[in-house]
Amino acid sequence: MTDPLYELLVPYFDDLPSSRPVPGSNDPVVSKYLNRLTTLPLSSLTSQESQSLAQSSHSTLLSIQSLSSRSNAAVIASADHFSTLHETLPLLAEEVNQLQTEIPKLDQSAVTFSTTYSRSTENEMLDRRKRALLMERNADRLSDILDLPTLLSSAIASSAAQ
């Protein structure tokens, strides 16, 4: 029964001063409302439906006002960000293209570095670094060993003097 009722109301949609589009017959909100109307008695339609619509409209208005007061700053910030989007997107695309052109060079450099400094191949520079690191770790021990002759001669000299 929703479709015939909708068909009866269609001519009155053109008389509305609103700039809203005409709701479709398959719109779930329209179908639900028209189904609700068919369940109401005629006396209720003439006396209470206008009040119910006014109350629903007022409740919706209050909800929209509350939402707008809560979301005002976020909406304005979003609008500001979106206003610069047409400038930012081309810059981002340019930087992405630049990165895409540089990735093969970076990949080649990484492969060259990996093959040059691989532990599995003989590499004079790595060997020198390993020896220098080993010397640095053992510097205190080497210093102690080099100080041994001086300490021994001091110990011998002090024991002979006693």
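This is a predicted model: local features need pLDDT of at least 70, side-chain atom pairs count only at pLDDT 80 or more; totals for chains, interfaces and linings use all residues.

Visitor: Let's start with helix 2 and helix 4. Why are they called roughly antiparallel to each other?

Guide: Helix 2 (residues 28–39) and helix 4 (residues 49–83) pack at an angle of about 150°. Angles over 145 count as roughly antiparallel, so helix 2 and helix 4 get that label. Their axes are 13 Å apart, and the crossing of the two helices is right-handed.

Visitor: Which residues meet where helix 2 packs with helix 4?

Guide: From helix 2 you have Tyr33, Arg36 and Leu37, and they meet Glu49, Ser52 and Leu53 of helix 4. By class, the residues of this contact divide into three nonpolar, one polar and two charged.

Visitor: What makes glutamate 49 and arginine 36 a salt bridge?

Guide: Their closest N and O atoms are 3.2 Å apart. The rule asks for a side-chain nitrogen of Lys or Arg within 4 Å of a carboxyl oxygen of Asp or Glu, so the pair qualifies. Glutamate 49 sits in helix 4 and arginine 36 in helix 2, so the bridge ties together parts that are 13 residues apart in sequence.

Visitor: Is glutamate 49 buried or exposed, and how do you know?

Guide: Glutamate 49 has a relative accessible area of 6%. Buried means under 20%, so that is the word for glutamate 49.

Visitor: Why does glutamate 102 count as partly exposed, and what is lysine 105 called?

Guide: Glutamate 102 has 37% relative accessibility, which lies between the 20% and 50% cut-offs, so partly exposed is the label. Lysine 105 has 53%, and exposed means over 50%, so lysine 105 is exposed.

Visitor: And what makes glutamate 124 and arginine 128 a salt bridge?

Guide: The N to O distance between their side chains is 3.8 Å, and the cut-off is within 4 Å, so this pair is in too. They are four residues apart in helix 6 (residues 124–137), so about one helical turn separates them. Glutamate 124 is exposed at 59%, whereas arginine 128 is partly exposed at 44%.

Visitor: Where is asparagine 123, and how do you know whether it is buried or exposed?

Guide: Asparagine 123 is in the loop between helix 5 and helix 6. Its relative accessible area is 12%, under the 20% cut-off, so asparagine 123 is buried. Leaving out residues up to four places away in sequence, asparagine 123 touches Thr116 and Tyr117. From serine 31, asparagine 123 is 92 residues away in sequence and 81 Å away in space, C-alpha to C-alpha.

Visitor: One last residue. What is serine 154 called, going by its relative accessible area?

Guide: Serine 154 is found in helix 7 (residues 139–161). Its value is 42%, between 20% and 50%, so serine 154 is partly exposed.

Notes
Residues are numbered from 1 along each chain as its sequence is written. Side-chain values use heavy atoms; hydrogens and water are left out. Axes are lines fitted to C-alpha atoms, for helices over the stretch in contact, and angles run from 0 to 180 degrees between N-to-C directions. Angles under 35 degrees count as roughly parallel, over 145 as roughly antiparallel, 65 to 115 as roughly perpendicular and the rest as oblique. A crossing is left-handed if the near helix is turned anticlockwise from the far one by less than a right angle, and right-handed if clockwise. Contact means heavy atoms within 4.5 Å. Ala, Val, Leu, Ile, Met, Phe, Trp, Tyr, Cys and Pro count as nonpolar, Asp, Glu, Lys and Arg as charged, and the others, Gly among them, as polar. Buried means under 20% relative accessible area, exposed over 50%, partly exposed in between (1.4 Å probe, protein chains only).
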